Amino acid sequence: MTRETTRETTRKTTRKTTRKTTRKTTRKTTRNWRLARLFLLRLLRLAAVLFVVSVLCFLSLNLLPGDPARTILGVAGSSPEAVRSLRHELGLDQPLLSRFFTWLGHALTGDLGRSYVSGQPVSEIIAQRAPVTLELILISQLIALVCAIPSAVVAAAKRGSLVDRGISLWVFGVLSTPSFVIGFILIYVFAVRLGIYPASGYNSLSTGLGNHLGSLLLPALSLAAAPFALYQRVLRADLVETYGQEFMSVARAKGISPARAAVRHAMRPSMLGLTTSVGVTVGTLIGADVIVESLFSLPGLGAELAHAVSGRDYVAVQGIVLVITIAFVLVNAFVDLLYGVIDPRLGASSSTAGVKERVA
Amino acid sequence: MNQAATERLLTVRDLRVEFPTADGTVRAVDNVSLDLGYGERLGIVGESGSGKSVLSRTIMGLTRSRTARVTGEVILDGRSVLDLSERSRRSMWGRDVAMVFQDPLSSLHPIMPIGEQIAEAVRRDASVTRREAGARAVQLLETVGVPLAAQRAKARAHELSGGMRQRVAIAMAIACRPKLIIADEPTTALDVTVQARILDLFDELCREFRIGLVMISHDLGVVGRHTDRIAVMYAGRIAERGPVAHVFARPAMRYTSALMAAIPRHDGARRTLPRPIRGLPPNLADPPAGCRFSPRCAHAGDACHEAAPALVEVEGEPGHEYACWHPGSDVTPPGGAGQGQGPAPAHPTSSEVLR
């Protein structure tokens, strides 16, 4: 449909204007066209990814031992009749495939179903809990980047020095410590010993900004640790490679200060690896998020996901995973766009190919 | 500043640069001495690995003390470069001495627009505002012959041709009116027609702004046409040096004449094929005893393998020095071999190579 409209416009303009302008218009239209096609392809890819993830998620959940009906009724009320009627009520007596397609059909119309356990609509659960997780991940990534970028720049500018080695040691320490261990350490130091921040629990924004951020700080820190280490490694390696390039010698021979050389000359060509890692990390972060949210008892998606899995609340799990997948794909589409901004030589269409080559 | 310091732009005395490596110490530059006056152009010629680039970077003070051991003296415009701190060297770079590198694509920033890169060099003088620097960058682009300078200033390196890129690199080098430009193989990455134009540009700039030039090249023809004096380097040492006309007319050191014989000539009359120099340059971690060229030299005698010859001045040609036990030229086959120096009539090679 877009295609026809565009063509129509082109034809109209062609008729009206002189030859010179026509050429310009056509070129512009083809470019818009390419962008539109790119966008459509992305959209198709998103749909394909979502479908595959849904199928895998649905199948794997059904492979798990346990029965939601039994879990809901508990040991006391689990007479065979009660279980059977509940299973019928929940639609669990239907064959696997038909259950999946019923869910898919509803999901396409925006209805993610109701939680088996609480009976609350899944979309409502997500709407309540997603903001907490979103905020937690944003803050943690901000902390990770704010710590990783300067330390990588310093390490690369003074590569091989004592400072570089010191930072490397620290980073490898952090990298090899699981996030929940860091969480425990933070709780012990800041909550138990110093008593500055609450050990667990969540204060909503209505209790004041300080309280709110205070309750998120320790979980965000434990979630930031591993990404910080990864980002520092990736950026340092890219920077060191950039420092080996001739144009950095030229910058030096121009007599500009090392700080300026680092920030203005070395940074931008070295950002691609870091950008890729941020995109990928945000996806893998959900695993750590489940643990950290449970540890600090935050009412986020991660904790809810853990809860839903252990309660065999298939519908809730499906819905949450779907949302997480969409977020992941969107973040990486955004990262793809960022490549072109960082390095204009990587045009919109060739961006991913070029970068993948470089990163690999 | 004393009298001696003001009359010479650059003095290099007994410069030695060594790199400790796993295979032993590599002496890339060995006892090199050079002089250069204001506005004078010096060519340094040699094969790859002869130490030309290390020499040029050391003159600039770009070699890092962590990786290289440097002894000797480099006096640039009255200041001893090697004794300066990193900070004072930095204040000298761009202002007193600037460098043009071999590959203009890799020596320009891949993302920063070229105008901005030049403006950055201009803004070394703190008083210049951002806007003034931008205008000055466009002016500089015009000076080095980039057409449509105002538009090109917004372009990035990959959007320009090789010749344009090298012009941009030169504009960057002259941004702060340096007294000395060191050009490390500035035309090697360019094709021949573009090469000629870039070399003419260097000539013009040196004349107009009285810039001293050290031009490093492996191409005798390039150096011969565009410099006043020449120094031939072999395995980290100076083999021969002197005014271009003298060195070309009567090369004394055997390596120099072998280099000249290796240049293809197209003079039609005598169909002499270029004669390649056999063998490879020596491994600098384990250089041959005596004259370093002796293993490859057709005229080497016992003395050559035993002791290194010192630089000796050619009689009647002040400033023309060579380091050879059996000096002479074998560029002209009949009669010319043997004792090449002396008041011989104008040599055919000079006109051929210099043309």
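Colleague: Quick one to start: is B:R69 buried, partly exposed or exposed?

Modeller: B:R69 counts as partly exposed, at 43% relative accessibility. Keep in mind that this is a predicted model.

Colleague: Okay. Which residue does B:R69 form a salt bridge with?

Modeller: With B:E18, and the closest N and O atoms are 3.3 Å apart. The two sit in distant parts of the chain, 51 residues apart, with B:R69 in strand β4 of chain B and B:E18 in strand β1 of chain B.

Colleague: And B:E18, buried or exposed?

Modeller: B:E18 counts as buried, at 12% relative accessibility. The cut-off for buried is under 20%, which means 12% falls in that class.

Colleague: Where does B:E18 stand relative to β4(B)?

Modeller: B:E18 stands opposite B:R69 there. Strands β1 (residues 8-21) and β4 (residues 69-76) of chain B pair in the antiparallel sense, over seven bridges. Another facing pair is B:T11 and B:I75, the latter in β4(B).

Colleague: What sheet are those strands in, and what's the order?

Modeller: An open sheet of four strands in chain B, ordered β2-β1-β4-β5, with antiparallel pairing. Its edge strands are β2 (24-37) and β5 (79-80), each pairing on one side only.

Colleague: How does β1(B) get joined to β2(B)?

Modeller: Through a hairpin of two residues. Those two strands pair in the antiparallel sense over ten bridges, and B:T21 has B:G24 in β2(B) as its bridge partner.

Colleague: Which helix lies across that sheet's β1, β2 and β4?

Modeller: Helix α2 (residues 52-60) of chain B, running at about 120 degrees to β1(B).

Colleague: How do β3 and β9 of chain B run, parallel or antiparallel?

Modeller: Parallel, with four bridges joining β3 (residues 41-45) to β9 (residues 229-234). In that pairing B:G43 stands opposite B:I230 in β9(B).

Colleague: Back to salt bridges. What does B:R41 pair with?

Modeller: B:D203, with the closest N and O atoms 2.6 Å apart.

Colleague: What about chain A itself, how many helices and strands?

Modeller: It has 15 helices and zero strands. Of its 360 residues, 39% are buried. Chain A exposes about 19,800 Å², and carbon and sulfur atoms supply 67% of that.

Colleague: Which residues make the nonpolar surface patch on chain A?

Modeller: A:I185, A:Y188, A:V189, A:V192, A:L194 and A:I196, covering about 560 Å². One of them, A:V189, is found in helix α8 (residues 179-193) of chain A and is partly exposed, with a relative accessible area of 32%.

Key. Residues are numbered from 1 along each chain as its sequence is written. Chains are lettered from A and ligands numbered from 1 in the order in which they are written. This is a predicted model: local features need pLDDT of at least 70, side-chain atom pairs count only at pLDDT 80 or more; totals for chains, interfaces and linings use all residues. Side-chain values use heavy atoms; hydrogens and water are left out. Two strands pair if DSSP finds at least two bridges between them. Contact means heavy atoms within 4.5 Å. Axes are lines fitted to C-alpha atoms, for helices over the stretch in contact, and angles run from 0 to 180 degrees between N-to-C directions. Patches are made of residues with over 30% relative accessible area and no salt bridge: like charges are joined within 9 Å, nonpolar side chains (Val, Leu, Ile, Met, Phe, Trp, Tyr) within 5 Å. Accessible areas come from the Shrake-Rupley method with a 1.4 Å probe; for residues, only the protein chains shown count as cover. A salt bridge is a side-chain nitrogen of Lys or Arg within 4 Å of a carboxyl oxygen of Asp or Glu. Buried means under 20% relative accessible area, exposed over 50%, partly exposed in between (1.4 Å probe, protein chains only).
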